[in-house]
Amino acid sequence: METLEEKIDARPMTIPGFGRALRSEEMVINMGPQHPSTHGVLRLELIVDGEIVVDAIPHIGYLHRCFEKHAEHMTNYQQVIPYCDRMDYVAAMNAEFGYVVACEKLLNIKVPERVEYIRVIMAEFQRIASHLIAIGTYGMDIGAFTPFLFCMRDREAILDIFEQTCGARLLYNYMWIGGLSHDVPADFAEKVKRFCKMFRGTIKELNNLLSYNKIFVERTANVGVLPADVAINYGASGPVLRGSGVKFDLRKNDPYSVYDKLEFEIPTGKGLKGTTGDCWDRYMVRVDEMEQSVNIIEQAVDKLPPGDVQSAIPKRIRPDAGEVYVRTETPKGEIGYYVVADGTASPFRVKVRPPCFVNLAVLPAISRGAMISDVIAILGSVDIVLGEVDR
Amino acid sequence: MKEFLIDILQNEILVYVLMAAVPLVWIIPFALFAVWWERKISAHMQDRLGPMRTGGWHGWAQTIADILKLIQKEDIIPAAADRKLFNLAPYVVFVGSFAAYAAIPFSAAYVGSEINIGLFYILAVSSFVVVGLLMAGWASNNKWSLFGAMRAAAQIVSYEIPVALSLLAVVMIVGTFDLQEINRAQSGYFWNWFVFQKFPLLFVAATIYFVASLAEVNRTPFDIPEAESELVAGYHTEYGGMKFALLFLAEYANMFAVSAIAATVFFGGWNSPFGDFMSGPVWGLFWFISKGMAFIFVHMWLRWTLPRLRVDQLMYVGWKVLIPFSFVIVLGVGFWVMLAR
Amino acid sequence: MIPQEIHDNIKTRFGDAVVEAKIDGVIDPWVKIAPDKIKEVALFLRDDEALAFDSLMCLSGIDYTGGKLGVVYHLHSIKWNHKITLKVDVTVENPHCVSVESVWKTANWHEREAFDMYGIIFDEHPDLRRILMPYDWEGHPLRKDYQVPEFYNGMKVPY
């Protein structure tokens, strides 16, 4: 790869009559760590030629909180869960979910059906909440402020349900190894159904306001096109991968919990407004996924069996030496937990494969040649949470 | 009004100072109101309440409190900034937008300066703003500000062409740049307004003017010079305190200026829509301000509904859509006027 | 394809590059590869029609204590929906391993992370810098014998 200096020298511009060669230079511009659209503390080093981005180099780690080191130093496996919450803080349920599934596999516990269904309901609610944030902030990145507040309003309803269930609105510590911290409240099913009914209308409203808005489509279609093979090679997952037209969802392709007993579709990007794999596709996959999540929630609530949610919680969590890699589908993509046990009460090694970390790595590849405004659009469509990128 | 004041005060210089102060007395309360209004409008569009506490009734004193806060703030100038230009820029911007008010006819009795090239003067003097914006962006010595300033310059200069051309269509009909003459030519009922004349040519011209004027004053969907999600805050990234307040004030003053021109040129200005009903110099002021405010409401409405265009798409809209269309309008109106003679 | 077949495929193709393997009695079957052969094995696994491991799910560094470091590759094939785990062992004295960045781009940042946290040096990596820790940080924090430094750039670290 040629260096920046070579790139600059390759295009000198001599003006007749001038003694020296005039040339235009690329400008290095720092986007972040304090920038309104980097969704936290991401620093992008942009090398720009006017408004055109020649290269984008992400610098991460500003929010590094030593998750893996903390996990190794906990006195037992259960204590890692609150730290999982704090990785993807807008989708904490899903992050917990992956970790408890990994630990249960390591301990070889079978959790009761009721627990599984409640977990699925919570995970899907969290998926909707996370997608609402992704969509809302994406609208804001593109310049539309109102959809953001509409999304926040609906997310509030979900957080209320969470609050009623476990007392927390953002970081839950709800899923425990082998069970749950609390059972759902008495009027849970009714509340959930009311939400689902309300929410379908909201999706329509959102589509009218943002998804099919001419300017929004102009800004996102054919921007940041990520071909399917590149997406797979970069390990992209979640809506980023599905936006490129790959029908791959761990809930279907590598089912965990009770997802194989529920019916739902996997939405993929079809290039309706431009090329398959552009920002609009990635955006639209999220909108469609919210609808599927509502379907899942409704089915799961109907099937919710009675029982005790804490009956399978082990008295002593001390798995035999061994290791496990478990991946689950979070709103951002697949989260993987590589847990190594050495026979003691605390984990020997917990490695997380955060979806945002992997998805963000694809950003330079699809931002080259785009405009500065497009970089914002691309970054928003990848939907990163820096808490998870940096851990 | 000038003659009347000279009669009372017997001092021409004092009268000129008074006359010049009138727009200033209008701009500041207007900007305070408009900022509060915009916050309320956006809030109600977004399912929330907006400011509710300051001052009691629906937070009416919120912007007054804001401006008091801004006045008290420390005047920070970045170490690497070009101090002279940095300090000068907000004033240049404000002067540019304030000077335009000299020729805006608020009512049949009041116009700051009744010059017969009023419209031309406004177009010319409001371009002054660009110089100020470029100054602000360059002097801040911040790459984001520079981007904002470059975008602003390119955008405002490009969109001046469709603005001028669409106004030219009306000028060709009236045969003068005098805004009071243009107003008088639209007196009577609302179907005499130019927007409904020579249908549909002037209707299209009014639309073009409105779209282009949105870009002139950097409002959504053309707010790319200050695109807060891309350029942090564009050319005023480094400004704080009173200088920021001045830039902000100029922005709102500009908004009213372009709305006032739209109201004057296409929507009858200070004329009552219903003939002699509620007409006269004082009612004229009412009608003029109501019409201006109606346009400002549409500005705000659009801002809280639409996303933002990209810079190349903005140029596309300007050069490849609005300018050719406005040329067609000018040509069409020209033929119409010539044949009707 | 079941893990045993995948192992046999690698074994017949690369022979002594396979150091060790454990297929039965573990949750995720793994094959241990020599550190200098990992890239060839990876390329074979990706490009072979019947194996087609097109995605690297995860790449983890690990410190086994006692001067032994490791890299663990979790592979998955979207095409055939099968999985395998590869392992590479290196030592603290000679923490060199061949990069698989050119095979799966996923490895780029993951290898940087393993380098950052464990000091495993991935040869042929195009851009082996620290990723999560500051660029001028000393030491590799996830090693089991890591001591938190007293000061970083004049700032007290344990707060």
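Biologist: How much space lies in the second largest cavity?
Modeller: This is a predicted model, in which local features need pLDDT of at least 70, side-chain atom pairs count only at pLDDT 80 or more, and totals for chains, interfaces and linings use all residues. Residues are numbered from 1 along each chain as its sequence is written. About 90 Å³ of space lies in the second largest cavity, where a cavity is a set of points, on a 1 Å grid over the protein atoms alone, at which a 1.4 Å probe fits but cannot get out, and a volume is the space filled by probe spheres set on the points.

Biologist: And what lines the second largest cavity?
Modeller: Its lining, meaning residues with an atom within 4 Å of a point, includes Val93(B), Leu133(B), Tyr235(B) and Glu251(B). The largest share, four residues, comes from α10(B), helices being DSSP runs (H or I, at least four residues) numbered from the N terminus.

Biologist: OK, how much space lies in the largest cavity?
Modeller: The largest cavity holds about 160 Å³ of space, and of the 16 residues that line it, Ser126(B), Glu216(B), Val217(B), Asn254(B) and Val258(B) lie nearest its centre.

Definitions and conventions: Chains are lettered from A and ligands numbered from 1 in the order in which they are written. Side-chain values use heavy atoms; hydrogens and water are left out. On a 1 Å grid over the protein atoms alone, a cavity is a set of points where a 1.4 Å probe fits but cannot get out, and a pocket is an open set with protein on both sides within 12 Å along at least five of seven lines; lining residues have an atom within 4 Å of a point. Helices (H or I, at least four residues) and strands (E, at least two) are DSSP runs, numbered from the N terminus.
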